[in-house]
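Hi everyone, thanks for coming. Let me put the sequence and the model up, and then I'll talk you through a couple of places in it.

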Amino acid sequence: MSSRADLSESAFLKAARGEPVPHTPVWYMRQAGRSLPEYLRVREGVGMLESCMDPELVVEITMQPVRRYGVDAAIFFSDIVLPLKAVGVDLDIKPGVGPVVAEPVRTLADVEAIPDLTPEHVPFITEAVRGLVGELGGTPLIGFAGAPFTVASYLVEGGPSKEHAKTKAMMFGAPDVWDALMRKIAGIAAAYLEVQVAAGASAVQLFDSWAGALTPADYRAQVMPHSAAVLERAGALGVPRIHFGVGTSNLLTLMGEAGADVVGVDWRMPLADAVPLVGDRGVQGNLDPTLVFAPTDVMTSRAAEVIEAGRAAKGHIFNLGHGVIPSTDPDQLKRLTEFVQGYSLEG
Ligand code: CP3
């Protein structure tokens, strides 16, 4: 078994706790996979879910961006639907499409048929996290889970959706089913995070990617209590909690109040406008992911604006405003990483 490395000097963990940092820490959502040739090579002929359940492959894929970019944190290679698969939900991740669920959830009986998650469902997660902590040394590992609303969308729609119409129809029209489903997913998400932290993850991120589809009133009444339940259980583990969604400029205050130490911000809102909305918490973000396709000096001058805006926050973790776009040039992300880490915070 690997011993826990000394993470006391980690800029990422310091920023997440609102402590002074030597440089603005940086990592990228979806840094593992997609754009890296070494990722495509090891994934050849191996399905996405299959690779998530293979500890050796998970360690290798999680390490790839850490080696290549020297980012300040690793994100565990997995997927938000993996814990559902682990408890027995019939689903697959189709290349270029995303998660597809064979029998979408519509009734209370459907919800009750989904087992709760225990560590025995995910021994391969424990093994992969332990292996990673040994390899990562002083670089912290971020564990993650999908938030109840975003995971519910895949379960209820049966696949990716733009409007989340069936999901919201359940939320508006069948509150008892909705409540049961959200509690079920919240329990699974919290248990999944507990497994990752128990094995050595030193921060967690709750992805509520599709929460931006909700009004603040609906988010507050029907979604926030369930995300708060997950974040509360994660908080009891003593690790910093990041809470992220896309298109959530009208939800940032609530997403912080749900129990986050750091609120992730997408690129649509200037970071300077987001900082006062999250109050006494850190922010993460938020360079437009397409700026890595711009000339390097354009990319870095926009990155500098993001870093400057982040200085007003209790803590700032640099990231893109959403995941790395698959066609991104890894060399350009390397230049961005070096720029952020070399940017002077003095003066
Ligand atoms: O580098 C990392 O961020 C770690 C791994 C990671 C994956 N998915 C791997 C993955 C993480 C953190 C996720 C989270 C995830 N999965 C989210 C939340 C983050 C976000 O982007 O908003 C969501 C909504 C999903 C659901 C999902 N899984 C979608 C929409 C897709 C298909 C689109 C795509 O990106 O290709 C997936 C599949 C998926 N998850 C892949 C990877 C590497 C591609 C699968 C493949 O290689 O065939």
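I'll start with an annotated site and then move on to one strand.

This is a predicted model, so local features need pLDDT of at least 70, side-chain atom pairs count only at pLDDT 80 or more, and totals for chains, interfaces and linings use all residues. Residues are numbered from 1 along each chain as its sequence is written.

Okay, the site. An unreviewed UniProt entry lists a "binding site" whose residues include Gln31, Ala32 and His322; such annotations may be inferred rather than shown by experiment. The listed residues span 293 residues in sequence and their farthest two C-alpha atoms are 22.5 Å apart, so they do not all gather at one spot.

Is Gln31 buried or exposed? Buried, with 30 other C-beta atoms within 10 Å; the cut-off for buried is 20 or more, with C-beta atoms placed from the backbone. Gln31 sits in the loop between helix 1 (11-16) and helix 2 (37-43). Helices are DSSP runs of H or I, at least four residues, and strands are runs of E, at least two, numbered from the N terminus.

Now strand 6, residues 241-244. On one side you have Arg241 and His243, on the other Ile242 and Phe244, and all are buried. Strand 5 (residues 203-207) runs parallel to strand 6, joined by four bridges, and Phe207 stands opposite Phe244. On the strand 7 side (residues 262-264), the pairing is also parallel, over three bridges; strands pair if DSSP finds at least two bridges between them. There, Ile242 stands opposite Val262.

Technical notes:
Buried ≥ 20, exposed ≤ 12 C-beta atoms within 10 Å, placed from the backbone.
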